[in-house]
Amino acid sequence: MRIVLLNPPVPKGRFTNRDLMGGMGIDDDFGVGLGPRFVALLKNEGTRLPVIALAYAAGILASHDVTVLDQSRLDPHDPAALDAVVRARPEWVIAATSFAFLGAELRYLERVREATGAKRMLLHQGATFFADDILKRGLAEAISAGDPEVIVQHLAKGSLAPGLDGVRMADDTGRPVLAVNGFIADLDTLPFPAWEQFMPEGYGYFPLLKQKPFATMLSSRGCPYLCHFCPYPIAQGAPFRPRRPERVADEMEMLASRHGVRAVLFRDPTFSLDIGRVKALARALIERRVPLQFGIETRLDRMDDELIELLGRAGCRSAEFGVDPIDEHTRLASHRRGIKPERAAALIRTMESNGIATAGLFVIGTPGQSDDEMHRTLDWIETLDVSYMNYEVATPFPGTALYTEAVQKGWTRPITLDDLLDGDPKLAFNGVIDLARMKELQDRALSRFYLRPRKVAREVLNRDFFENVRFMTRSGIKFLRGERKA
Ligand code: SF4
């Protein structure tokens with residue numbers, strides 16, 4: 001079977017990493033001020049992730065005739081984009097989707113269908129949420145629900161049919177059959193992602209991981225914490241599904257030896273949920289001398305000093321985590337437990353002193369936050385030794401508990417497929433804090449964090465200062481030429 005694995009184009013001047021936010025993708029919009037817009041530009045220029053579900057699909061479909069097309073930097077109306085798909089003469093197109101650009105993706109895939117006759121399979125959570133409507137309107141022939149590999153395995157084996165767990169398709173009468181999500185219990189039964197046709201040199205994660213070629217990995221899936229704004233438990237389920245440390249180390253060795261990969265970003269929602277497992281992995285990497293740097297995303301309350309020391313020795317160079325609001329009642333309103341501020345500050349210092357750059361994420365405008373508390377939390381963040389901070393405005397992604405609450409309380413209206421087909425979804429909501437105020441706080445927090453004398457001095461003294469300046473200059477020139485929206 002001839003199959004195209006597609007990371008679809010994105011409207012001119014926009015960008016999304018479709019793997020982020022549990023497969024919802026991100027359309028980075030940090031605010032309206034010049035500083036925040038430039039930060040957004042740097043992030044979009046530096047953060048370019050492959051879609052790992054497509055690389056897993058390439059591994060599963062190894063016995064088929066597969067063409068990988070990453071068109072995420074092309075405009076849907078660029079004739080070169082559609083021509084490339086037509087040349088591959090696919091019978092199926094398996095497309096990664098996002099929430100932010102689902103409308104544009106569906107429109108592009110309609111043109112693909114007209115030009116090639118190929119059937120369309122959609123991966124990721126945004127498409128799953130709207131599966132009923134998408135199938136009724138004939139905008140796709142199959143949609144994944146749960147782990148994308150489940151539906152891809154059925155295609156590979158020729159067993160794809162409506163009603164199977166993990167598969168959303170229309171039956172013979174055209175009626176959508178919305179089967180339950182399908183999850184792979186033992187992730188080590190999957191073949192390694194096949195990166196041969198991807199462009200490892202084209203991806204990167206600047207400034208946290210500077211080495212290239214770069215690839216991503218999943219050493220576990222699922223998150224039992226169920227923070228109510230978070231799409232990961234919706235996409236991957238709540239049960240934690242870890243892989244064995246030896247298999248993870250094997251995959252890292254394979255990436256280094258077969259593809260020359262020098263940096264890996266683990267996309268696990270909570271990498272160190274099982275601290276013992278990650279210590280075993282770190283010891284294996286140290287023992288085998290795997291020549292890779294890597295980054296992780298985790299929770300601060302799933303770290304300890306010994307783990308940090310082992311991770312630093314094993315090659316971990318970055319750790320990203322959520323920074324909780326200072327007040328406990330706000331944390332509880334988001335179903336987050338958090339850790340004491342002084343413990344968080346100590347862990348961050350330990351990571352930095354072990355060569356692990358820290359990057360915090362703070363969500364502005366989650367229910368329960370007051371203006372006063374927000375300011376106290378933002379002030380506290382500026383006392384931390386954290387290298388980078390990301391401030392995101394709370395977004396009620398469809399399927400999350402926050403979305404349900406926001407709709408029930410009238411903070412946002414329900415999003416429909418027509419909203420997406422008509423253009424940008426209007427997801428940001430006016431909840432406890434008004435949207436304009438949230439954006440203002442985001443602008444101010446970013447400017448304050450990055451323009452503090454202490455932060456500026458730290459950047460100047462950074463041994464990568466000149467490399468950072470070169471990158472910022474290149475991006476700045478693009479910004480001034482108007483090549484990218486910021
Ligand atoms: S701990 Fe992190 S990944 Fe897990 S639900 Fe909360 S925000 Fe999401």
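The model is a predicted one, in which local features need pLDDT of at least 70 and side-chain atom pairs count only at pLDDT 80 or more, whereas totals for chains, interfaces and linings use all residues. Residues are numbered from 1 along each chain as its sequence is written.

The ligand is surrounded by Cys223, Tyr225, Leu226, Cys227, Cys230, Tyr232, Pro233, Pro269, Thr270, Arg299 and Gly322, a residue being near a molecule if its C-beta atom, placed from the backbone, lies within 6 Å of it. This shell divides into eight nonpolar residues, two polar and one charged, where Ala, Val, Leu, Ile, Met, Phe, Trp, Tyr, Cys and Pro count as nonpolar, Asp, Glu, Lys and Arg as charged, and the others, Gly among them, as polar.

Two helix pairs were examined, helices being DSSP runs of H or I with at least four residues. Helix α11 (residues 275-288) packs with helix α12 (residues 305-314) at an angle of about 30 degrees, their axes lying 8 Å apart; the axes are lines fitted to C-alpha atoms over the stretch in contact, and angles run from 0 to 180 degrees between N-to-C directions. That angle makes α11 roughly parallel to α12, since angles under 35 degrees count as roughly parallel, over 145 as roughly antiparallel, 65 to 115 as roughly perpendicular and the rest as oblique. In this contact, Ile275, Val278, Lys279, Ala282, Arg283, Leu285 and Ile286 in α11 meet Leu307, Leu310, Leu311, Arg313 and Ala314 in α12, residues being in contact if their C-beta atoms, placed from the backbone, lie within 7 Å. The residues of the contact of α11 with α12 comprise nine nonpolar, no polar and three charged.

Helix α4 (residues 79-87) and helix α5 (residues 102-116) pack at an angle of about 45 degrees, with 10 Å between their axes, and are therefore oblique to each other. Here Leu82, Val85 and Val86 in α4 meet Arg111, Val112, Ala115 and Thr116 in α5, a contact that divides into five nonpolar residues, one polar and one charged.

Terms used:
Two residues are in contact if their C-beta atoms, placed from the backbone, lie within 7 Å.
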